[in-house]
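Here is a short briefing on one protein structure. Look at the model first, then read on.

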Amino acid sequence: MVRNIRRLADHCSVLMLQGAFSHEPQATLNLFRRLGGRLPVHAADCLQQVALLPGGGWQASDSWRFDAVPAGTRALISCVPVVAKAVIAAAIAATEAPRAFGAMTRCLQTK
């Protein structure tokens, strides 16, 4: 798989999205960021937007979305990787995890 992603990056910009942690443990995508290639590989492992810029580069938002679309954007992509309740529970009180998870997904529906 790594070889194929590297070959793809020689032909086009590559965007990878964090999948299920049972198949891709956290930080797995860090490897793909360092592959090299003629064009960049962006690995989205958090809730964010990315803009494909002229020349094939990626620009990631600082938060879950851009306040303004970057100049020259050729494509704007909203990345919503897998959100595991266990990850939320580890970051905050476990009893608050369901509410936090609901709030995270609701904000996507209202914007």
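Leu-17 counts as partly exposed, at 42% relative accessibility. (Buried means under 20% relative accessible area, exposed means over 50%, and partly exposed lies in between, using a 1.4 Å probe and protein chains only.) This is a predicted model: local features need pLDDT of at least 70, side-chain atom pairs count only at pLDDT 80 or more, and totals for chains, interfaces and linings use all residues. Residues are numbered from 1 along each chain as its sequence is written, and side-chain values use heavy atoms, with hydrogens and water left out.

**Leu-17**
- Leu-17 sits in strand β1, residues 14-17. (Strands are DSSP runs of E, at least two residues, numbered from the N terminus.)
- Leu-17 and Cys-79 are 62 residues apart in sequence, yet 7.0 Å apart in space, C-alpha to C-alpha.

**The sheet**
- Strands of a sheet pair through backbone hydrogen bonds, either parallel or antiparallel.
- Here, three strands form an open sheet in the order β4-β3-β5, and the pairing is antiparallel. (Two strands pair if DSSP finds at least two bridges between them.)
- β4 (58-60) and β5 (75-79) are the edge strands, and each pairs on one side only.
- Strand β3 (residues 48-52) is joined to β5 by five bridges.
- Leu-52 has Ala-75 in β5 as its bridge partner.

**The salt bridge**
- Side chains of opposite charge can pair when their charged atoms come close.
- The structure holds one salt bridge. (That is a side-chain nitrogen of Lys or Arg within 4 Å of a carboxyl oxygen of Asp or Glu.)
- Arg-6 forms a salt bridge with Asp-10, and their closest N and O atoms are 2.8 Å apart.
- Arg-6 is partly exposed, with a relative accessible area of 31%.
- Asp-10 is partly exposed at 29% relative accessibility.

Notes: Helix = DSSP H or I, 4+ residues; strand = E, 2+ residues; numbered from the N terminus.
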